[in-house]
Amino acid sequence: MVAEQKWGDESLEKVKITEELPLLSLKNSVVFPYLATPLVVGRKNSLEAVESASKEHKIIVVVAQKEENKEIIEKEDLYEIGTACAIKQVVNISDNEIKCVVEGISRVRIKYFTQEKPYFRASVEVISEEPYAEDEEIKNTNTTIRMQVEKFIQLGIPLPTAFVVAATNISRPEVQADLFASYLLTTTAQKQRILEENNIAKRLELLTGFLGEELKKFEVQSQIRDKVQKEVGKTQREYFLRQQLKTIKEELGESDESVAVTNDLKEKLDKKKKMPKDARQKVEKEMKRLEGIPAMSPEHSYIRTYIEWMLDVPWSEKTKDVLDIKKAKEILDRDHYDLERVKVHILDYLAVRKLKGKATKGPILCFVGPPGVGKTSLGQSIARSTGRKFIRMSIGGIRDEAEIRGHRRTYVGALPGRIIQGLSQAGTSNPVFMLDEIDKVGADYRGDPSSALLEVLDPEQNNSFRDHYLEVPFDLSNVMFITTANILETIHPALLDRMEVIEIPGYSSEEKIHIANKFLIPKQLKEQGVEKYNIKFASDAVYLIIEEYTREAGVRNLEREISKICKKIAREIVEGKKHSKIVTTKKVGDYLGVSKIQPSEIEDKNQVGVATGLAYTPVGGDILLIESTFYKGTGKMLLTGKLGDVMQESAKAALSYIRSRATEFGLDDKVFNKSDIHIHVPAGAIPKDGPSAGVTITSSLVSAFTGIPVIRDTGMTGEITLRGRVLPIGGLKEKLLAAKRSGLKKVVMPSKNKKDLDEVPKTILKGLELVFVDNIDEVVKNTLEKDPFKVKKLGSGPVYGTRESDFESDTNFTTTGN
């Protein structure tokens, strides 16, 4: 077949296209008419096709294959439409690869294949361009395409100079379409669609759609590229400026900041002569890393912070212990009144240190007591008496284990735990370290701080405590750890086992007066600026503040009330008013107003069913009036007054004991089955619990059933069993304080608590008759007006409260207050 084509821009050349031609398949390219295209040919069948065409008419059909990456193809893998091309040049690149330049002549359609081996040959027909009129639609589409091409150029898409020249000079729409598709479209599928479209108007419309898609992709890429270039430019600018700054500093004789930092850290490391080997090796390793990292890098800051912490930790720095026992005792006595057990323990430790002549494992103490008794200030006194530095860390409410062990360095903003931080602030490895409120440590999903404290407070383990941040062991064995708590029940059992518990009881009123006169009043007079005015507090005025304005085991609120009085006096002085030199009881009322606390009082006279018990509370001791009554019913027991489980069980045990001894008490068994029993403990809004009320409940019930009143000025305490035994109790000092404060004359208590009286000041015991008992029989003999075991039946019936007539009407029953 012969086809005549207009070649180039204006030149005309008749090119003969025979009906059967060799066929060259392309993997990822499409050749368009009117364009010269260089091709690299390497497949064997393609080489033979080019060789055959070169020997014949130098005309070859170029067709794109449907799957770009397929090496061995069949005729079904080729598109139907291709381009007849003239072979302009063939150059051998290697033995099995050539480069040839082909120039598109015309679109052709493959009718059928005449040969498949060793290369493809096919019978083709020329596809003539459809005639068109250059109407407004084609002109507008063509204008849009040119605008799109200009947009490509504006975006900085690299295009050959020949393309730009050709795009400017070529005016024929069909040639422009093929030119733009060849250079600007990126996929073989898009180019093949343009090649296959013979209608000029549709071809232009298809092209503008494809160019629009390509523009969107290029615009996004251009934005990303601009952003990256901007960041790179910023980094390069910073680097350039830093290099200039570095050069300027060198000219001025100043060193670079990063170099100065590294040198400073090296100097600090050199001064750490006794730093452990593994810690020194770790720091040296990190310094090498630091030197190779730019100062502007975030990693530089992380490593520098780590090295600074490692150098701040007092690995071997210690303060010298003051081993003068006499001087240490003077300091402890001067700072704190009483607390002999604690003072003796500290002096014993110093004595051992003096005899051994070398460091011993620091004791781990736990001060347990109510608020305000001086637990924290005692730790400060211990530090002063031993010549050590003092660190206090409140761990109440801590729920994150990392607060103790530190955060791993993989976390942003990681820091050592508070133990290491405290030691770094103190600058010594053997301080007195107080862990305040250890009974209030919590736990949640972040871990259990109590478990982390097990290692800290174990003398056998804390010589190699490992903080997560430091990553090397630290010796805590020289630290004197002191913990404080209000109660022991909430402390982890394993943690409690590692500490030596020293109970610090509350103060008596006499002790509080002594503390106020010696410590609190002078302190507040000085703090409020009235020290030079010689203000004095009368002893009865201080006693009034203690009894009617504070209710506590310690002296914190007492100091607060004294502070209020000093402030009132300071105001009177400033306003020019007349002020008293001595604070009397009357002045206390004027300064502090109406009494805040109504002291617990015993009954005015002996009552049936009302017994006075002694209780221990977080703020000290107190008395409890336990009331019992019974009335017609079905044998039920009612307990009121917000009683806890243990106290309720004590009431049940007391009733069971009385029923088991009903005959000895002169009671009829019917009274228990035909009566409901009500036990009430005022004040009803305050929770109460504990086993030590068992003795008091029993006395109240025996009194109610027998009708024998309880002696009003006799207090009692003790746990009971079903067999009537009386077991020992705790908080003896506080309970005896409450007894004396409330005006009791006699206290009945377990015999096994007799040994605990050694720790009770003689001033508290003065004026109290102490009766020690082993069983309930002895209790009721000492708490009721009459011995219920000796009181026989009155007349023909049982003792009071058990006559049959008593069950005829509710009004005849014994009630509290009769």
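Me: Which residue in S7 stands opposite isoleucine 81?

Reply: In general, strands of a sheet pair through backbone hydrogen bonds, either parallel or antiparallel. In this predicted model, in which local features need pLDDT of at least 70, side-chain atom pairs count only at pLDDT 80 or more, and totals for chains, interfaces and linings use all residues, isoleucine 81 stands opposite arginine 109 in S7. Residues are numbered from 1 along each chain as its sequence is written, and side-chain values use heavy atoms, with hydrogens and water left out. Strands (E, at least two residues) and helices (H or I, at least four) are DSSP runs, numbered from the N terminus, and two strands pair if DSSP finds at least two bridges between them.

Me: How many bridges join strand S6 to S7?

Reply: Strand S6 (residues 81-94) is joined to S7 by 12 bridges, and the two run antiparallel; S6 and S7 form a hairpin with two residues between them. S7 also pairs with strand S8 (residues 121-126) in the antiparallel sense, over six bridges, where the bridge partner of phenylalanine 113 is alanine 122 in S8, and this hairpin of S7 and S8 has five residues between its strands. Strand S4 (residues 36-41) pairs with strand S7 (residues 97-115) over six bridges, again in the antiparallel sense, and leucine 39 stands opposite cysteine 100 in S7.

Me: What is the order of the strands in the open sheet of five strands?

Reply: The order is S10-S11-S14-S9-S15, with parallel pairing. Strand S10 (390-394) and strand S15 (500-503) stand at the edges, each with a single partner strand, so one side of each is left without a neighbour in the sheet. The twist averages 20 degrees from one strand to the next, where angles run from 0 to 180 degrees between N-to-C directions and axes are lines fitted to C-alpha atoms, for helices over the stretch in contact. Within this sheet, four bridges join strand S11 (residues 432-436) to strand S14 (residues 480-485), which run parallel, and valine 432 stands opposite methionine 480 in S14.

Me: Which strands does H11 touch where it packs on the sheet?

Reply: H11 touches strand S9 (364-368), S14 and S15, and its direction makes about 145 degrees with that of S15; contact means heavy atoms within 4.5 Å. Helix H14 (residues 418-426) packs on the sheet too, touching S10 and S11, with its direction at about 150 degrees to that of S10.

Me: At what angle do helix H10 and helix H11 pack?

Reply: Two packed helices are described by the angle between their axes and the distance between the axes. Helix H10 (residues 325-335) and helix H11 (residues 340-356) pack at an angle of about 160 degrees, with their axes 10 Å apart. That makes H10 roughly antiparallel to H11, a term for angles over 145 degrees, whereas those under 35 count as roughly parallel, 65 to 115 as roughly perpendicular and the rest as oblique. The contact is made by residues including Ile325 and Leu332 of H10 and Ile346 and Leu350 of H11.
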